Amino acid sequence: MQSVLDDILAKLEPEHARALEWFVEHEDEIGARPWRVGGQSVVPGVSIPIVAQRGIHQPSGWKVALSITATRTSIYLDGKPERVDRETWVLPYKAHEGGDGMGLESRWNQALFRNHRERIPVGVFVPEGGQYRNLGLAMVESFDPGTATFLLRGAVRYTQAAGTWTLPEDSSDIVGSLL
């Protein structure tokens, strides 16, 4: 059986696929986020950092985001993950507002909008005590312009069938006017 994750990773550049695989391999682990050392990623087989200081990490030159980090100690007041069932959770995640004055047009928000449109998952870190839990991979499911909040749904896994994370036809306009 071809999984949804196999289908997604096959469409990506090898390094992007390897970075997303890291989130699957380390799903539910608690610890420090994998920073870079000496400008190099600490994740074996991946030269780009998979996390950044800011919440939405869009590697240089990329059009999509690679990961997000939720926090409750900033102006964003991100939500906390809520279980939908044994396998699924949702996480409200505030759009980048930053001092760039770009609002929803900021490159980081635009990257998450592209993740939504192209059905490319992002890695998700949430605070746990003084460290972070890797929730694995999530799809950007929707965006609420009234609250400037993305809704992420995860976890995307190899065990899921190919059609698991496709959007209904009528959902393509959720963020269409903002792209």
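**Strands**

I began at Glu82, which stands opposite Val90 in β7. I was working in a predicted model, where local features need pLDDT of at least 70, side-chain atom pairs count only at pLDDT 80 or more, and totals for chains, interfaces and linings use all residues. Residues are numbered from 1 along each chain as its sequence is written, and side-chain values use heavy atoms, without hydrogens or water.

I then looked up the strands β6 (residues 82–83) and β7 (residues 89–94); they run antiparallel and are joined by two bridges. I took strands as DSSP runs of E, at least two residues, numbered from the N terminus. I counted two strands as paired if DSSP finds at least two bridges between them. A hairpin of five residues links β6 to β7.

Next I followed β7 to strand β10 (residues 149–154), and found six bridges in the antiparallel sense. Here Leu91 stands opposite Leu152 in β10.

**Rings**

I paired rings of Phe, Tyr and Trp (its six-membered ring) if their centres lie within 6.5 Å; planes under 30 degrees apart count as stacked, over 60 as edge-to-face and the rest as tilted. By this rule I have six aromatic pairs. Trp22 and Phe23 are edge-to-face, because their ring centres lie 5.2 Å apart and their planes stand at 90°. Both residues are buried (under 20% relative accessible area, 1.4 Å probe, protein chains only). Trp22 and Phe23 form one aromatic cluster with Phe125.

Last, I checked Arg33. Its charged end sits over the ring of Tyr132, 4.7 Å from the ring centre. For Arg, this term requires CZ within 6 Å of the ring centre and within 35 degrees of the ring normal.

How values were computed:
Buried means under 20% relative accessible area, exposed over 50%, partly exposed in between (1.4 Å probe, protein chains only). Helices (H or I, at least four residues) and strands (E, at least two) are DSSP runs, numbered from the N terminus.
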